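Please read the numbered points with the sequence and the model side by side.

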Amino acid sequence: MRCGVVLVFLSLSAGLVAGDWNLLSYITSKGEDESYNYHRSGNVGYGLRDYCEAWRMNVELNNIRGFEVVPGECTGHVGHYMTSTQYEVDLHLAADVVSLFLADEFVLAGDGKDAWVFDVDDVLLSTVPYYKSHQFGGTKLDKKSFEAWMLEASAPAIEQMRPLFHKIRRRGLKVFILSSRAERLREATINNLISVGYHGWTDLILRSEKEENSCAEEYKAKERSKLAHEGYRLWGIVGSQWSSLGGYTTARRIFKLPNPMYYEY
């Protein structure tokens, strides 16, 4: 994945802006025959729920990129998913896959240079309470409002990640937490992490003022490159955004957690 995704605009209906990805408008603008073929395959009809689930799945697959808001017709669907048993099960399975990798795939060198990287938002801490009051991504992100919420240090843990976090530590890996959060949020982020049961990480890496306007993928790749130059072997990265996982200097394995509420550039 590259930073600065080039979006191809397909002559959508008037009012559709970059990043909105309102595919339903595009589908209905294509004409009766094409729209009919999309909505029906053989004797199977497609409804709004099917469309929104397909939209969510294509976000996870990184087919849909650069969206600024969740399509209005799908905010209810995204909200239902993010508060559903299915979301919890998806997180559980992701944690189980990481545990299987830890059990079967490698042996530590024993020199203290084996490492793992976690992101923060919607990996260790959940932003669902914030997005619940903002239509689960249906409104454009207000950075000041979001940071004010982060300063409250009240985000709940992603419960499936907490035991995994400590399992990785017990295996002897150094844990680095690499986030797009700004450096000014350090104290609140540390307090929040500790209050919900995370501790013992090697370093918490946050964006400096100089890095705040840089592309998330480039910033995180640069920070991982620094770790590699210090001799660390990165065995795994867990993130909820593709920008947390891609770029140069990645890990042996990457693990993507579901998150259709926003797209981090």
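1. Val117 stands opposite Phe176, a residue of strand β4. Strands β3 and β4 run parallel and are joined by four bridges. The model under discussion is a predicted one.

2. Phe176 also has a counterpart in strand β5, where Asp203 stands opposite. The pairing of β4 with β5 is again in the parallel sense and extends over four bridges. How many of the nine residues of β4 are buried? Eight of them are, and the strand is accordingly described as mostly covered. As a general point, side chains in a regular strand alternate between the two faces of the sheet.

3. Helix α10 comprises residues 216-229, 14 residues in number. From its first C-alpha to its last, α10 reaches 20 Å, close to the 20 Å expected at 1.5 Å a residue. Just after this helix, Gly231 takes a positive phi of about 95°.

4. Which residues of α10 are buried? They are Ala216, Glu217, Tyr219, Lys220, Ala221, Glu223, Arg224, Ser225 and Leu227. The cover over these buried residues includes the strands β3 (114-118), β4 (174-182), β5 (203-207) and β6 (233-239). In general, an α-helix has 3.6 residues a turn, so residues three or four places apart point the same way.

5. A helix pair also deserves attention. Two packed helices are described by the angle between their axes and the distance between the axes. For helix α5 (residues 85-104) and helix α8 (residues 161-170), the axes come within 10 Å and cross at roughly 10°. Because angles under 35 degrees count as roughly parallel, α5 is roughly parallel to α8.

6. The residues that form this helix contact can be named individually. From α5 come Leu91, Ala95, Val98, Ser99 and Leu102, which meet Met161, Leu164, Lys167 and Ile168 of α8. By class, the contact between α5 and α8 has seven nonpolar residues, one polar and one charged.

7. His92 is also a residue of helix α5. Is His92 buried, partly exposed or exposed? Its relative accessibility is 45%, and therefore His92 counts as partly exposed. The C-alpha atom of His92 is separated by 5.7 Å from that of Gln160, although these two residues are 68 residues apart along the chain.

8. Asp122 has a phi near 60°, a positive value in a residue other than glycine. Asp122 lies in the loop between β3 and α6 (128-132). With a relative accessibility of 0%, Asp122 counts as buried. Ala153 likewise has a positive phi, near 55°, and is not a glycine. The loop that holds Ala153 is the one between α7 (143-151) and α8.

9. Some totals place these points in context. The secondary structure of the protein comes to ten helices and seven strands. The protein has 265 residues, of which 47% count as buried. Among the contacts in the protein with a separation of 6 or more, 72% are accounted for by residues 24 or more positions apart.

Key
Residues are numbered from 1 along each chain as its sequence is written. This is a predicted model: local features need pLDDT of at least 70, side-chain atom pairs count only at pLDDT 80 or more; totals for chains, interfaces and linings use all residues. Side-chain values use heavy atoms; hydrogens and water are left out. Axes are lines fitted to C-alpha atoms, for helices over the stretch in contact, and angles run from 0 to 180 degrees between N-to-C directions. Helices (H or I, at least four residues) and strands (E, at least two) are DSSP runs, numbered from the N terminus. Angles under 35 degrees count as roughly parallel, over 145 as roughly antiparallel, 65 to 115 as roughly perpendicular and the rest as oblique. Contact means heavy atoms within 4.5 Å. Ala, Val, Leu, Ile, Met, Phe, Trp, Tyr, Cys and Pro count as nonpolar, Asp, Glu, Lys and Arg as charged, and the others, Gly among them, as polar. Buried means under 20% relative accessible area, exposed over 50%, partly exposed in between (1.4 Å probe, protein chains only). The expected span of a helix is 1.5 Å times one less than its number of residues. Two strands pair if DSSP finds at least two bridges between them.
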